[in-house]
Every structure is written in structure tokens, then in C-alpha cells.
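Look at the model below before reading on. The report then goes through it piece by piece.

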Amino acid sequence: MTVRVQTEDFDIGAEIMALRKGRPDVGAVASFVGVVRDLNQGDRVSTMALEHYPGMTEKALDAIVVEAKERWDIIDATVIHRIGDLRPLDQIVLVVVVGMHRGAAFEACEFIMDYLKTRAPFWKKEQTPQGERWVDAHESDDQAAERWAGESDRA
Amino acid sequence: MVKLLFFARLREDLGTAGEDIHLPEHINTVDALRHYLMTRGEVWRDVLAPTKALRVSVNQEMAKPETAVREGDEVAFFPPVTGG
């Protein structure tokens with residue numbers, strides 16, 4: 001299990017290769033990459049600053065991956081989240097899940113992202129032509145995370 | 001001593017990233033601490049008002065209003081998270 005919080009960019013190909021290395025039991029690789037959009041709520045976004053809670057962030061991400069491994073029959077996962085100043089087109093977050101079969105890998109990948117969005121202490125601040133503003137949390141993110149509640153026996 | 005931390009919009013609105021604080025003995029839950037801090041003045045009352053969506057962690061675990069706060073704990077207040 002790899003969890004990293006970093007300012008540097010990441011290489012999805014290299015991360016997938018690292019996760020698969022020496023594991024011939026892997027039959028499925030599911031991944032998600034989140035990137036910075038240039039438009040949010042109708043306004044142009046020129047830069048986005050990502051703040052986090054050092055210490056808690058890593059713990060929260062670890063706990064999410066541990067829960068994914070308990071709930072789905074997956075082999076391993078990598079989560080990388082960037083912090084600091086980002087621009088449109090930049091990558092923000094990477095989730096890679098490897099497993100024997102695609103079903104569990106797809107679901108665990110989506111679960112990790114849904115829980116990350118609602119449980120990992122990151123905050124985005126956007127720079128727009130109207131000035132800077134903190135991004136508000138979306139109720140739809142809470143709903144996405146709640147989908148996974150009470151489905152503990154689906155692995 | 002209890003270590004207080006504030007993040008994102010709360011840090012900016014309160015003008016502080018955190019502090020170490022001595023708490024009276026009866027301030028022993030997250031909810032009690034929140035109301036105790038609200039007595040510090042108008043800005044604190046507004047930022048920590050019950051109508052504001054905010055999250056609290058104790059020792060880096062998400063907490064509820066009734067979660068206990070003890071000597072030596074690290075308590076953080078922050079807005080709903082927006083990573084990913």
C-alpha cells in the first residue's frame with residue numbers, strides 16, 4: 001500500500017508499473033486521475049491552491065485504503081494527492097487499484113475516491129477573475145460516499 | 001494543555017493557524033469546546049456558529065459533538081473537505 005501527499009507531479013504509468021511489479025496474480029488494474037479544470041461554477045480558474053492537514057491527511061488516506069482492502073478482494077492500491085499551487089491541466093489526484101478481477105478493482109477505486117472526497121482533509125482555493133475563493137463542498141460528494149455505507153459484505 | 005488547529009477558511013477568518021490552550025475542567029467535549037471558543041468574541045461566534053458547516057477532528061480522527069476532549073489532545077476545526 002502506498003499513500004503519498006506531495007507537491008510534485010506523478011507519472012501514472014510509472015505508478016502502475018511499480019504496483020504491478022513482481023505480482024503475476026494481478027489480472028486487473030483500475031485507475032482514476034483527477035485534474036484541474038479551467039472552469040468552475042461559471043468562472044475561469046487560473047490557479048488552485050491545495051491546503052491539507054499534515055499528519056491527519058496521511059492517516060485518513062491510509063484508513064480509506066485499509067477499508068477498501070477489507071471490503072473488496074483486491075491485492076493492493078496506490079493513492080497520491082498533490083498539494084500546493086496547481087493550474088488547469090495539472091493532475092491533482094491518482095488512485096490505482098490492482099486485483100485479480102476487474103469488478104472489485106473498479107469498485108474499490110471508486111470507493112477510495114468517494115471516501116477521499118469526503119474524509120481526507122484537503123481544501124481547495126481557486127483564483128478567478130473575481131478574486132480568490134475557497135471551494136465549497138458538494139452535497140453530491142456526500143451522497144456518493146453514502147452509497148457505500150451498509151454494503152460491507154460485497155467483496 | 002490542548003492543541004488547537006484551524007484550517008482553510010477558518011484559519012483565515014480567525015486569523016490564526018492554532019494555539020495551545022488551557023481548558024477549564026468542564027470543557028471536555030468537542031461541542032463544549034466549540035461553545036467555549038465562541039465566547040471569545042464576534043468573529044469566533046460567527047465562524048464557529050452552529051449554523052456553519054464545520055468539521056472537527058480529535059487526535060487526527062474525525063470527531064462528533066459528543067467526542068471527549070482531554071488534556072494533551074490535538075483538536076482541529078475546519079470546513080467540509082474539498083480534495084480530490
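## An exposed arginine and its surroundings

B:Arg70 counts as exposed, because it has 10 C-beta neighbours inside 10 Å. The cut-off for exposed is 12 or fewer. This is a predicted model, and every value here is computed from it. B:Arg70 is found in the loop between S4 and S5 of chain B. Its C-alpha is 8.1 Å from that of B:Thr29, although the two residues are 41 places apart in sequence.

## Where the chains meet

How many residues of chain B are in contact with chain A? There are 14, and they meet 21 residues of chain A. Two elements of chain B each supply at least two residues of this side: helix H1 (8–14) and strand S5 (74–78). By class, the side of chain B that touches chain A has eight nonpolar, five polar and one charged residues.

A:Glu51 gives an example of a contact between the chains. Leaving aside neighbours within four places in sequence, A:Glu51 is in contact with B:Phe7 and B:Ala8, and also with A:Trp123 of its own chain. A:Glu51 lies in strand S5 (residues 47–52) of chain A. Is A:Glu51 buried or exposed? With 20 C-beta neighbours inside 10 Å, A:Glu51 counts as buried. The cut-off for buried is 20 or more. A:Glu51 and A:Phe122 are 71 residues apart in sequence, yet 5.6 Å apart in space, C-alpha to C-alpha.

## Two positive phi angles

Now turn to the backbone. Most residues other than glycine have a negative phi. B:Ala8 has a positive phi of about 55 degrees, and it is not a glycine. B:Ala8 is placed in helix H1 of chain B. It has 23 C-beta neighbours inside 10 Å, so B:Ala8 counts as buried. B:Ala8 is also one of the residues in contact with A:Glu51.

B:Gln60 is another non-glycine residue with a positive phi, near 70 degrees. Where does B:Gln60 sit? Its place is in the loop between strand S3 (55–58) and strand S4 (61–62) of chain B. B:Gln60 has 19 C-beta neighbours inside 10 Å, so it counts as partly exposed.

## Helices packed in chain A

Helix H3 (residues 102–119) of chain A packs with helix H4 (residues 139–146) of chain A. H3(A) also packs with helix H2 (residues 56–71) of chain A. The table gives the values for each pair.

| Helix pair | Angle | Distance between axes |
|---|---|---|
| H3(A) and H4(A) | about 130 degrees | 8 Å |
| H2(A) and H3(A) | about 150 degrees | 10 Å |

The angle of the second pair makes H2(A) roughly antiparallel to H3(A). H2(A) passes H3(A) in a right-handed crossing. From H2(A), the contact uses A:Ala60, A:Leu61, A:Ile64, A:Val65 and A:Ala68. From H3(A), it uses A:Ala108, A:Phe111, A:Ile112, A:Tyr115, A:Leu116 and A:Arg119. By class, this contact has 10 nonpolar, no polar and one charged residues.

Now take the other pair. H3(A) and H4(A) are oblique to each other. Their crossing is left-handed. A:Asp114, A:Tyr115, A:Lys117 and A:Thr118 in H3(A) meet A:Asp141, A:Asp142, A:Ala144 and A:Ala145 in H4(A). By class, the contact of H3(A) with H4(A) has three nonpolar, one polar and four charged residues.

## The nonpolar core

Which residues have the most contacts inside the largest nonpolar core? They are A:Ala77, A:Val97, A:Ala108 and A:Ile112, in a core of 55 residues. H3(A) gives the most to this core, with eight residues.

A:Ala77 touches several residues, not counting those up to four places away in sequence; among them are A:Met1, A:Val95, A:Val96 and A:Val97. A:Ala77 also touches A:Val65, A:Ala68, A:Ala108 and A:Ile112.

## An exposed proline

A:Pro24 lies in the loop between helix H1 (12–20) and strand S2 (28–35) of chain A. With 6 C-beta neighbours inside 10 Å, A:Pro24 counts as exposed. A:Pro24 and A:Trp72 are 48 residues apart in sequence and 19 Å apart in space, C-alpha to C-alpha.

Key. Residues numbered from 1 in each chain as written. Chains lettered and ligands numbered in written order. Predicted model: local features only at pLDDT ≥ 70, side-chain atom pairs only at ≥ 80, totals over all residues. Contact = placed C-beta atoms within 7 Å. Helix = DSSP H or I, 4+ residues; strand = E, 2+ residues; numbered from the N terminus. Nonpolar A, V, L, I, M, F, W, Y, C, P; charged D, E, K, R; others polar. Axes fitted to C-alpha atoms, helices over the stretch in contact; angles between N-to-C directions. Parallel < 35°, antiparallel > 145°, perpendicular 65-115°, else oblique. Left-handed = near helix turned anticlockwise from the far one by under 90°. Core = buried A, V, L, I, M, F, W, Y, C linked by C-beta atoms within 7 Å.
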